[in-house]
Amino acid sequence: MKRKTRVIKLGEVPIGGDNPITIQSMTNTITADTDSTIAQIKDLEAAGCDIVRVAVANIDDAQAIKDIKAQINIPIIADIQYNYRLALESIKYGVDGLRINPGNIGSLTRVKEIVKSCKERSIPIRIGVNSGSIKQEYLEKYNGVNAKSMVYSALEQIKLLEELDFYDIKISLKASDVPLTIESYTMMAEMRNYPLHLGITEAGPAWRGTIKSAVGIGSLLSKGIGDTIRISLTADPVEEIKVGREILKSLGLLNQGLEIISCPTCGRTRINLMEIVEEAEKRLENIKGHMKVAIMGCPVNGPGEAREADIGIAGGNGKVIFFSKGQIVKRVREEDILDELIKEVKKIDNL
Ligand code: SF4
């Protein structure tokens with residue numbers, strides 16, 4: 001059961017409460033290079049990204065938000081490090097959300113200015129503590145990097161906003177260590193009801209990072225904790241969206257796109273299953289709705305899974321049995337499997 005939180009809105013996208021879990025990514029272009037940034041955001045949108053974050057490192061980046069926003073369809077968040085003026089400029093140019101820690105920007109007057117501006121335009125702020133950026137004071141008080149030092153470091157930032165009567169907040173507590181991340185978010189979930197932005201930070205290259213993210217984010221989501229997710233991979237950001245979608249699909253939190261069920265193959269397999277599955281995945285990538293396709297290697301264990309799927313194939317010796325919605329519809333030769341699969345899928349989905 002999903003944890004109840006406050007609801008915030010990034011543009012038209014609600015986060016928290018009973019709303020669907022959203023997937024975010026961050027561009028890796030120079031933000032002020034609007035052509036490249038817009039092109040990358042459009043690729044992210046096409047892959048299913050709900051919210052995008054851009055780095056705002058100077059005034060050109062902040063100003064670019066206006067042009068970028070005019071050409072994209074998803075909310076945009078400005079990632080600000082220390083310069084409160086860049087936060088104010090980003091707001092002026094139409095950003096939908098800020099990622100900034102109020103404790104990093106100097107005087108209370110500056111924090112007040114940002115809060116005032118965010119309130120006027122209903123712009124939420126993400127407070128984010130990473131295991132590498134915990135304040136010295138908390139490291140000393142709680143004996144190093146651990147869930148307590150992360151959570152209390154974030155609470156200090158949160159209190160700064162709460163004291164100014166600002167509650168449009170979401171929180172992230174990311175570490176590259178999976179158990180630490182899980183413990184930190186779990187602890188925060190018991191202390192505050194703000195929506196949580198989940199992520200395993202600096203998770204690494206695509207393959208390893210995917211596994212770490214799936215274990216960390218998946219564990220939290222399965223406990224009902226988490227409202228929006230970002231997968232951090234050293235890879236094309238579009239890969240982050242694909243991974244995020246698969247994590248949500250595997251937990252039944254997203255019913256969209258292709259779900260492939262395929263067996264690991266064994267000594268009973270008499271068709272070239274690996275090649276068929278790989279090709280099917282490519283050809284069915286753009287499925288519009290939600291579809292379960294089972295591709296199984298033999299007539300012994302294959303038919304059970306094939307019957308349960310929207311479209312199912314159970315391999316045999318050179319020939320396979322096709323199922324559609326639980327019924328056997330035909331038998332086809334191995335060389336015709338992919339074409340016949342596409343035909344059957346098209347009867348159900350506007351591929
Ligand atoms: Fe082997 Fe058949 Fe199971 Fe595939 S479905 S692993 S071929 S027993």
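The shell around the ligand, meaning residues with a heavy atom within 4 Å of it, divides into 5 nonpolar, 4 polar and 1 charged. Here Ala, Val, Leu, Ile, Met, Phe, Trp, Tyr, Cys and Pro count as nonpolar, Asp, Glu, Lys and Arg as charged, and the others, Gly among them, as polar. The surrounding residues are Cys263, Pro264, Thr265, Cys266, Arg268, Thr269, Met296, Gly297, Cys298 and Asn301.

This is a predicted model, in which local features need pLDDT of at least 70 and side-chain atom pairs count only at pLDDT 80 or more, while totals for chains, interfaces and linings use all residues. Residues are numbered from 1 along each chain as its sequence is written, and side-chain values use heavy atoms, with hydrogens and water left out.

An open sheet with parallel pairing is formed by 8 strands in the order β8-β7-β6-β5-β4-β3-β10-β9, where strands are DSSP runs (E, at least two residues) numbered from the N terminus and two strands pair if DSSP finds at least two bridges between them. Its edge strands, β8 (169-174) and β9 (197-198), each pair on one side only.

| Strand pair | Sense | Bridges |
|---|---|---|
| β4 (residues 51-55) and β5 (residues 76-79) | parallel | 4 bridges |
| β3 and β10 (residues 228-230) | parallel | 3 bridges |
| β3 and β4 | parallel | 3 bridges |

Strand β3 (residues 22-26) is largely enclosed by the rest of the structure, because 5 of its 5 residues are buried, that is, under 20% relative accessible area with a 1.4 Å probe and protein chains only. Thr22, Gln24 and Met26 point one way from β3, whereas Ile23 and Ser25 point the other way. Gln24 has Arg230 in β10 as its bridge partner, and Met26 stands opposite Arg53 in β4; Arg53 in turn has Ile77 of β5 as its bridge partner.

Note on methods
Buried means under 20% relative accessible area, exposed over 50%, partly exposed in between (1.4 Å probe, protein chains only).
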